[in-house]
Amino acid sequence: MPKAPADYQTRYPIDFGDIDATVQQTVVQLYGADGVKSRGILYMPPNRTPRTAVFMAHPRGDFFQHYSIPYWVEAGFAAFAQNTRYLNNDSMMLHENLLIDLAAGIRFLREERGFDHIVMLGNSGGGSLFAYYDAEARKPKGSRAAAPPGGGPPDLNNFELPPADAFIVLAAHPGQGKVLMGSLDPAVVDEHDPLASDSALDMYDERNGFKSPPAESRYDREWLRQYRASQRARVARIDAIARRHIEEARNGRAASRADGFAAQPAEYRNFIQRRMMAPRIMLVYRTLANPNYHDLTLEPSERVLGSIFAARPDLFNYHAFGLGHVVTPDAWLSTWSGLSSYANLERNLPQVTVPTLVVGANADQDIFLSDVRTEFELSGASDKRLEFIEGADHFMRAGGTKAQADPRPRLMNLLTEWTRERFPA
């Protein structure tokens, strides 16, 4: 079996490097109740059939080789990693469709493989995803989300959403929209021009306290209050743009169904039919501007300067790659809007009552210690526990100002023992 390079954790921070060749690996084709396909890999320990499966997924990330998998299997559990229909594609992502994918995964584990217990592992963006799923799954049909925030299908009341048995919230952010709202650059004054800027709201302007790395920046607290309010205002402006585009497409569909449409001139019919397809793609510039990246007196922790996305957010803020840069209006509202998306922990965690373990990384550069504590407080579980891993970055690698030996064995000892205390492997 080929060996992973020594620096694989740096190059592939989510993946494990190697796994015992005796581990059973089964590739699974999953079909949601709406007919859309996703895929999974079921990892099983050799020579035994576990009763408990740990289920991990991310809205768009590839979790097929999640670093936790070898530890789960070695501890005697099954591990199931699912990649959703939106793998590596957040531009059209509706979180409501993702719940249909997760339902297919749980159905497979329960009905086809016969596992007695399923533990949801919500790592990073998977935390808000699984919390949304479980919150909706516990509601009776008729009280679930009837549509995504932008309208249209799916209506979650029309689908079976089988519940799981426990929830691990691992280095999870408050929701993709919430985390983006915290890093959205409020200095942008023209959504069509990435360089048009209000210097008074620019965190990368030295007049506002910025210092180029490796120096630390210092931001005035009153200025920060204005900055955060302006971030929220920019999200509201983009929401309004998205809703306007959706309404235009809705008007096109209504016009196409109007009496006499077929008798209209071809030029008009073509225009309306093309318009109803909503060919609007939104560009959202400058999404890496969280003052916490450069001022370490904000949200004190073991972290160092920068973001999990870039060591130099001040430069990467202008890069073509980034969170939520290219989105449809529906995807913006469902996934990336901190004001409109339903996929956030504040909304959903109070409704998740299964045993819950909340774990944070002390050197995480994007999920802060207060986020993790808030998640614990929000949890609706009576059986809940809060833990922090020292010397660990977001990916549970050694990092930060108190970096130690590989934190993953410490983390996984915690996770496997917590799970074993509740469910037999």
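Biologist: Before we start, what is a pocket here?
Modeller: A pocket is an open set of grid points with protein on both sides within 12 Å along at least five of seven lines. Keep in mind that this is a predicted model.

Biologist: Fine. How big is the largest pocket?
Modeller: Its volume is about 780 Å³.

Biologist: And which residues lie nearest its centre?
Modeller: His58, Arg60, Phe309, Phe321 and Leu323. The lining of the largest pocket has 31 residues.

Biologist: How does that lining split by class?
Modeller: There are 14 polar residues, 13 nonpolar and four charged.

Biologist: Now the second largest pocket. What is its volume?
Modeller: About 580 Å³. The second largest pocket is lined by 22 residues. Nearest its centre are Pro174, Lys178, Val179, Gly182 and Asp371.

Biologist: Which elements give two or more residues to that lining?
Modeller: Helix H5 (176–183), helix H6 (221–256), helix H10 (345–348) and helix H11 (369–378).

Biologist: What about classes there?
Modeller: Eight charged residues line the second largest pocket, with seven nonpolar and seven polar.

Biologist: New topic. Is strand S6 mostly covered or uncovered?
Modeller: Mostly covered. S6 spans residues 166–170, and five of its five residues are buried.

Biologist: Which way do they point?
Modeller: Ala166, Ile168 and Leu170 point one way from S6. Phe167 and Val169 point the other way. Both sets are buried.

Biologist: How many bridges join S5 to S6?
Modeller: Five. S5 covers residues 117–123, and the two strands run parallel. In one of the pairings, Gly122 has Val169 of S6 as its bridge partner.

Biologist: How does the chain get from S5 to S6?
Modeller: Through helix H4, residues 125–137. That makes a β-α-β crossover, and it is right-handed.

Biologist: And how many bridges join S6 to S9?
Modeller: Four. S9 is residues 356–361, and S6 and S9 run parallel too. Phe167 stands opposite Thr356 in S9.

Biologist: Last one, Asp101. Where does that lie?
Modeller: In helix H3, residues 95–112.

Biologist: Buried or exposed? And why?
Modeller: Asp101 is buried, because its relative accessible area is 0%. The cut-off for buried is under 20%.

Biologist: What does Asp101 touch?
Modeller: Leaving out residues up to four places away in sequence, Asp101 touches Ser38, Gln82, Thr84 and Arg85.

Definitions and conventions:
Residues are numbered from 1 along each chain as its sequence is written. This is a predicted model: local features need pLDDT of at least 70, side-chain atom pairs count only at pLDDT 80 or more; totals for chains, interfaces and linings use all residues. Side-chain values use heavy atoms; hydrogens and water are left out. On a 1 Å grid over the protein atoms alone, a cavity is a set of points where a 1.4 Å probe fits but cannot get out, and a pocket is an open set with protein on both sides within 12 Å along at least five of seven lines; lining residues have an atom within 4 Å of a point. Grid points are joined across faces, edges and corners, and a volume is the space filled by probe spheres set on the points. Ala, Val, Leu, Ile, Met, Phe, Trp, Tyr, Cys and Pro count as nonpolar, Asp, Glu, Lys and Arg as charged, and the others, Gly among them, as polar. Buried means under 20% relative accessible area, exposed over 50%, partly exposed in between (1.4 Å probe, protein chains only). Two strands pair if DSSP finds at least two bridges between them. A crossover is right-handed if, with the strands pointing away from the viewer, the path from the first strand over the helix to the second runs clockwise. Contact means heavy atoms within 4.5 Å.
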